[in-house]
Structures are given as C-alpha cells and as structure tokens.
Amino acid sequence: MTKFPSLLLILATLFSWHCHKSDPPPATTGTHPPETILFTSPVTYTGVCIGNSIMEGFPWHLSGLYLGDLAIADTAGQPAYLLTQLTRFQWFDRGWAGQTTDQIRARFLRDAIGSSSDPGDGRGPVTLSRKPDYVVMEGGVNDIKAAVPLDTIEANLAWMASTLKRNKIHCIVLNCIGEGNGAFSQTQTDQVTALNTWLASGVLDSVNARVVDINSLWNSGIYGGVSSYGNDNIHYSSLVWSGDGIHFTPAGYNAMALAIFRAAKLAMTAKFIH
C-alpha cells in the first residue's frame, strides 16, 4: 500500500456544488454497476461506503445510487472518492440521503454484500459487480430524529456487522453524529451519546468490526459541550457545515475519510482470504 498523501494536498481538492432534493429521482433504466478498477495491483480489492447523506458527502455531493444512475462517478469530496485515492483501490458510494438504519438494512445485501437482492426501492436487485473486501457502514442520526428506539438502531447495526463477518468482509463502523442549530433536543443528543457509548464498548468486537469516531469531528457528545475541534451544536469549526449543523464541510469530509483510511490501513496488514 502506498503512503497516503498529506492532509494539505487532500484539503486542496476542488469541490463542486450539487443541490439536494427532498425525494430521490426515479432510477435510470439500463444502468449497471461500474467495473472500473483504477490501479494495477497484484491483489485487486474493492470497498463500499454505505449509509445516509453523511456517507454521500451531502450537501456537496449525492451518490449515483440515490440519483438512480450508477454510471455517475464518485468525485472529489465524497468519502468513497477520497478512500479510493488514499488506499489505491476502488471504493463505491452507496449512501442514500435521509435513510434510517431500517432502510439501510433493507438494501444491505444488495449494496454492501454484493448479492442479488431487490428491496423494492426502484434500484433493482444488483448494484455491485462483486463482493467487496471492505465495507464502511454508518447510520443512526436519522433514526434518532425519527424517534426510532435505540435498541432497534443497535440491532440493525449489529446485524449488518455480523452479516459482513459471515461473508468474510472487513467491517468498519462510523459512530453517530447529531444535529445542531437547535434541531436536536437534550434527549436526542443524549441518545447520540448512548449509541456511541454502546459502539465504543466493544460490543461489535466479536464480529471483528472496527469503530471509527467521527462524532468528535462534530461535537463533544454532550449537549452544548465543545469537542477538541472547537465544535458544539451552535458554534462550528471549519469541519462542520453551519448551514444545518449536521453535515460536514469539504474539509470535514476529508478529515472523515482520513480517519476511515487509518482503520482500513490497519485492516490491510492481515492478508485477506477470498
């Protein structure tokens, strides 16, 4: 594996704006999962990033899956794109804005495992050409916003992580962020903290999941508390988009990708057996 570029080079990447729409457009017919492998390597790995709008890189980008056209390539500013550049193997964005862990779980076999499985979302039964070697999974904030019980969120995340283990796929789990600008109550922020405490407890160690803390890029985890990056749910660092207080800036998504990369790099030290 090549040494990853400096943070300054990554943060110099140009980003383009894409407008968010409340409902995804209808799927484009006749699209197929891309087969492109960007780099020559003795062993060809692939990875998938699955989750909600945080995984897409919203509001700067939306995934081809969300837009209904898998031929739309990932671009600078999306975590999957940055991971492709850092790891030197292909990653695919399978984020979907606004989804809960129930919805992510419903499409998990198709979008993370590479199985033929149609969840009835208009995207068909196949979105990957093969089973990936790595999956980064994320979710929870939309559940908490929608008053989904914590035990349901935990059960969904545990099922997804255990499914990856059964399929011999390396699993990386991102912890949960909250929503600022006064959108989250004390109770909701406490639920974010409780979910992240559960993830940090080692409960997923038995399925070999590696948990990556992205919440600290956003908030201290305590209502009104300030993280080491200078964020709280009212005042934000350069990593958090103040437009809604939940999504990251381009620099924040780069920082998130770097945090994921460090975990992926550690996982790569063990030879993966297909």
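Predicted model: local features only at pLDDT ≥ 70, side-chain atom pairs only at ≥ 80, totals over all residues.
1. Five strands make up an open sheet, with parallel pairing and the order E2-E1-E3-E4-E5. Its edges are strand E2 (90-95) and strand E5 (209-212), each of which pairs on one side only, and from one strand to the next the twist averages 20 degrees.

2. Strand E1 (46-51) is mostly covered, since 6 of its 6 residues are buried. Thr46, Val48 and Ile50 point one way from E1, while Gly47, Cys49 and Gly51 point the other way, and all are buried. E1 runs parallel to E2, to which 6 bridges join it, and Gly51 has Gly95 in E2 as its bridge partner. With E3 the pairing is likewise parallel, over 4 bridges, and here Val48 has Val135 as its bridge partner.

3. The E4 and E5 end. Strand E4 (residues 170-174) runs parallel to E5, and 4 bridges join the two; Ile172 stands opposite Arg210 in E5.

4. Helix H4 over the sheet. Helix H4 (residues 79-87) lies across E1, E2 and strand E3 (134-137), and the helix runs at about 165 degrees to E2.

5. Tyr45 lies in the loop between helix H1 (7-11) and E1, and Phe89 lies in the loop between H4 and E2, so the pair ties together parts that are 44 residues apart in sequence. Tyr45 has a relative accessible area of 13% and is buried; Phe89, at 7% relative accessibility, also counts as buried, the cut-off for this class being under 20% relative accessible area.

6. The stacked pair and the cluster. Phe89 also pairs with Trp91: the centres of these rings are 5.6 Å apart and their planes are at 20 degrees, so the pair is stacked, given that planes under 30 degrees apart count as such. Tyr45, Phe89 and Trp91 belong, together with Tyr134, to one aromatic cluster.

Terms used. Residues numbered from 1 in each chain as written. Heavy atoms only, no water. Pairing = 2+ DSSP bridges. Axes fitted to C-alpha atoms, helices over the stretch in contact; angles between N-to-C directions. Contact = heavy atoms within 4.5 Å. Buried < 20%, exposed > 50% of the residue type's maximum accessible area, 1.4 Å probe, protein only. Phe/Tyr/Trp six-rings, centres within 6.5 Å; stacked < 30°, edge-to-face > 60°.
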